[in-house]
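Biologist: I would like to learn how to read a model like this one. Please take me through the features one at a time.

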Amino acid sequence: MTLASLSAARILLIIGGGVAAYKALDLIRRLRERGASVRVIMTQAAKHFIAPLSAAALSGQKVYDDLFSLTDEAEMGHIELSREADLLVVAPATADLIARMAHGLAHDMATTALLATDKRALIAPAMNLRMWLHPATQRNVALLEKDGVLFVGPMDGEMACGEFGPGRMAEPLEIVAAVEAALTKPTVIPLPAGARGKAAGRSGVLSGRRVLVTSGPTYEAIDPVRFLANRSSGRQGHAIAEAAREAGAAVTLVSGPVAIADPLDIETVHVESARDMLKAVEKALPADIFIAAAAVADWRIAEPGAAKLKKGRGKPPALELVENPDILATIAAAAGKRPRLVVGFAAETENLLANARAKLAAKKADLIVANDVGAASGVFGGKANLVHLVSKDGVESWPSMDKREVAARLISRLAMMLGADS
Ligand code: C5P
């Protein structure tokens, strides 16, 4: 994904142990002022220079500092930390941290987060100038540049140690400018060919194809703090995106707000409302296959409050609803741009198959994957799914299976349909 601005960006800031760590606190403020959310990891050494509490207060979030803390792992594993970010920023990046990054060491939370991701990193070195100019550091910097790591600074200037030259960390606003520039590039660094080992194009049945997937719920604003939403976890849609990628496709995933991480190596666009989801989907066309797995809100509030609605003013507010655009139907009817295969989901609590057939016709889809989302089924938010494939050729029912298995089977079915069609 690329982000045009900082306003929706999720930054993972890794603070290394150097005198310049105090500037990282101002950096948090500057990034947040511009609308970014900032999660912080501090190295053990960084804690000698600044207090985790200051970073927590400024970021408004818990600060992570210990790889082996079980509470941290239960709340958010170290892998999720870097996978959910759009950009990793290391400031200050000490000679030691740079060396560990360059060689893929991962013995603490900071270096593990840096290794366990495919997201781009931007680093702001800060060290004594002899350390910076040392061939070992320069060698490490060259390695990181080759890996696609971006640098801001170091700047020339007087350092805490009294020497003058390159080594001073860039100022917070210089780093902010570098973050903005970095966000205009794709946030995911593609893995080198073959790096995915066995998984790389496992079947290859979709290699050379473009697959576009929507996933998760949408949020429809009631006022600046409240919204209408649903219980979709995004698990099924994300699993489909992953299965398509494993089959060799180039995948774009347009996701509503979910608690699960972006799939590795997949361009993921984050949206909130149905209207934004439609815009993102239209922007991501053309595609060979469009799979609408998102649980899009059918309605939105006609006029969301500009300010928080207050109680105690007589009657409760009447929330007038208007219909949202139907993304699936719009894309299925897109003249000249219609993907060869358009697939929808029908999440129903009653009359499952009849509703799915009606949807197939009304939305002009090629296939509807129908599933029972009544409370008893445990499908919404759960890990298993029981689906029926409804097409013009009839209904095919699959036994209950893991959502990843549903995804893999669906993708091979779609590859067959695409093959038969071409
Ligand atoms: O009409 P219903 O919401 O049950 O249709 C479900 C299917 O239509 C799903 O594939 C969903 O992703 C898609 N849909 C959509 N845009 C909407 C509503 C549903 O793409 N506004």
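**Reading the model**

Modeller: Start with Arg39, which is found in strand 2 (residues 37–42). Helices (H or I, at least four residues) and strands (E, at least two) are DSSP runs, numbered from the N terminus. The model is predicted: local features need pLDDT of at least 70, side-chain atom pairs count only at pLDDT 80 or more, and totals for chains, interfaces and linings use all residues. Residues are numbered from 1 along each chain as its sequence is written.

Biologist: Is Arg39 buried or exposed?

Modeller: Count C-beta atoms, placed from the backbone: a residue is buried if 20 or more others lie within 10 Å of its own, exposed if 12 or fewer, and partly exposed in between. Arg39 has 23 other C-beta atoms within 10 Å, so Arg39 is buried.

Biologist: Which residues does Arg39 touch, leaving out those up to four places away in sequence?

Modeller: Two residues are in contact if their C-beta atoms, placed from the backbone, lie within 7 Å. By that test Arg39 touches Leu12, Ser59, Gln61 and Leu81. Also check C-alpha distances: Arg39 and Ile11 are 28 residues apart along the chain, and their C-alpha atoms are separated by 6.3 Å.

Biologist: What do the totals for the protein chain look like?

Modeller: The protein chain has 14 helices and 22 strands. Of its 422 residues, 44% count as buried. Take the contacts with a separation of 6 or more: residues 24 or more positions apart account for 72% of them.

Biologist: How do I read a pair of helices, say helix 1 and helix 2?

Modeller: Compare their axes, which are lines fitted to C-alpha atoms, for helices over the stretch in contact; angles run from 0 to 180 degrees between N-to-C directions. The axes of helix 1 (residues 21–33) and helix 2 (residues 52–59) come within 9 Å and cross at roughly 10°. Angles under 35 degrees count as roughly parallel, over 145 as roughly antiparallel, 65 to 115 as roughly perpendicular and the rest as oblique. Helix 1 and helix 2 are therefore roughly parallel to each other. Helix 1 makes the contact with Leu25, Ile28 and Arg29, and helix 2 with Ser54, Ala55, Leu58 and Ser59.

Biologist: What classes do those contact residues of helix 1 and helix 2 fall into?

Modeller: Ala, Val, Leu, Ile, Met, Phe, Trp, Tyr, Cys and Pro count as nonpolar, Asp, Glu, Lys and Arg as charged, and the others, Gly among them, as polar. In the contact of helix 1 with helix 2, four are nonpolar, two polar and one charged.

Biologist: Which residues of helix 11 are buried?

Modeller: In helix 11 (residues 274–284), they are Ala274, Met277, Leu278, Ala280 and Val281. They cover an arc of only 165° around the axis, which puts them on the same side of helix 11. The arc is that of the directions from the helix axis to the C-beta atoms. The buried residues of helix 11 pack against several elements, including strand 9 (210–215), strand 12 (250–255) and helix 12.

Biologist: How should I read the surroundings of the ligand?

Modeller: A residue is near a molecule if its C-beta atom, placed from the backbone, lies within 6 Å of it. Here 14 residues surround the ligand, and the closest are Ala292, Val296, Ile327, Leu328 and Gly344. Helix 12 (327–332) and strand 17 (341–348) are the elements that give two or more residues to this shell. Strand 17 supplies the largest share, three residues. By class, the shell has eight nonpolar, three polar and three charged residues.

Biologist: Where does Met169 lie?

Modeller: Met169 lies in the loop between strand 8 (164–168) and helix 9 (172–183). Met169 counts as buried because it has 30 C-beta neighbours inside 10 Å. Among the residues that Met169 touches are Ala91, Pro92, Gly153 and Pro154.
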